[in-house]
Amino acid sequence: MALTLALLPAQAIAVTPQDQTSAPSERISTTAEPPQPKPQKAERPAVSAALEGGDKSCAQVRSRIDTLAAEGEKTVACIAPAPARKPSPSETSALADRQPVPWPDWCFDSSNGDGTWYFARSHACSIDTLSIDVINVRTGALVGQILYQTNELVYTAADSATWGHQVIIRMYGGWGQIRDRS
C-alpha cells in the first residue's frame, strides 16, 4: 500500500491574493474544481516483490521440489508472472457490475496488463497478468495453469479524509490439472 500511496502525486493550486479593489469578476475563484491531469506512469519492478518473496513463488517451489517429493506431494501450485495481456473492451464492460467505484476509462486505455501503475490526481490503477502454475513434483513438469488478471484501483476525493482500494481478480483461461479432484 505504501508504494501505491507514494505513486499518488501531491499537487496543489496556488492562489495569489487579489487586491480588494479589483472587480469581483477579476478575482480568482478558490471553489472551482481543478482540472484532472493526464495520467502518469510508474514503471513496474522487474519482478513483483510479492512474487519474489512469497513462499509460493515458482522459483522457491522449484528450489524445494526434492523436499516436496520426499514429503509425498504429487503436485504443487505456485504463482508466476504471465505474459502481459490487455483486457478487451467486452471484458472491461463485464466487470462494471463488480465495481463499487467505477474505473476511469484511462485505466483500461493506458494499461497493457503488465502490472504498471497509472495515476492521476485522485486515482491510481494497475492491471497485472499472472498465472498459477501446477507442477508435477516427481517430474518437475508443468501440468496445469490458471491464467488470471488482478485489477487494482486506489482512489480518493478532494472532500474525503480517506482513500479506498478495490481489487478485482478475474480468471481468463486455464488448462490441465487445475481442478481439485478430491
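**Entry 1: disulfides.** I took a disulfide to be a pair of cysteine sulfur atoms within 2.5 Å. The model is a predicted one, and I found two disulfides in the structure. With bonded cysteines counted along the chain, I noted the pattern 1-2, 3-4.

**Entry 2: Cys107 and Cys125.** I looked up this pair and found an S to S distance of 2.3 Å. The torsion about the S-S bond of Cys107 and Cys125 is about -115°, so I recorded the disulfide as left-handed. Cys107 lies in helix 6 (residues 105-110) and Cys125 in strand 4, so the pair ties together parts that are 18 residues apart in sequence.

**Entry 3: Cys58 and Cys78.** For this disulfide I read a sulfur separation of 2.1 Å. The torsion about the S-S bond is about 90°, so this disulfide is right-handed. Cys58 belongs to helix 3 (residues 58-63) and Cys78 to strand 2 (residues 75-81), so the bond ties together parts 20 residues apart in sequence. I found both Cys58 and Cys78 buried.

**Entry 4: Ser131.** I placed Ser131 in strand 4 (residues 123-136). Ser131 is buried, at a relative accessible area of 1%. Its side chain makes a polar contact of 2.8 Å with the side chain of Asp133. Among the residues that Ser131 touches, I listed Cys78, Ile79, Gln145 and Tyr148.

**Entry 5: whole protein.** I counted six helices and six strands. Of the 182 residues, 35% count as buried.

Conventions. Residues are numbered from 1 along each chain as its sequence is written. This is a predicted model: local features need pLDDT of at least 70, side-chain atom pairs count only at pLDDT 80 or more; totals for chains, interfaces and linings use all residues. Side-chain values use heavy atoms; hydrogens and water are left out. Helices (H or I, at least four residues) and strands (E, at least two) are DSSP runs, numbered from the N terminus. Buried means under 20% relative accessible area, exposed over 50%, partly exposed in between (1.4 Å probe, protein chains only). A polar contact is a pair of N or O atoms within 3.5 Å; within protein, one must be able to donate a hydrogen and the other to accept it, and residues adjacent in sequence count only if both atoms are side-chain atoms. Contact means heavy atoms within 4.5 Å. Lists of a residue's contacts leave out its neighbours within four places in sequence.
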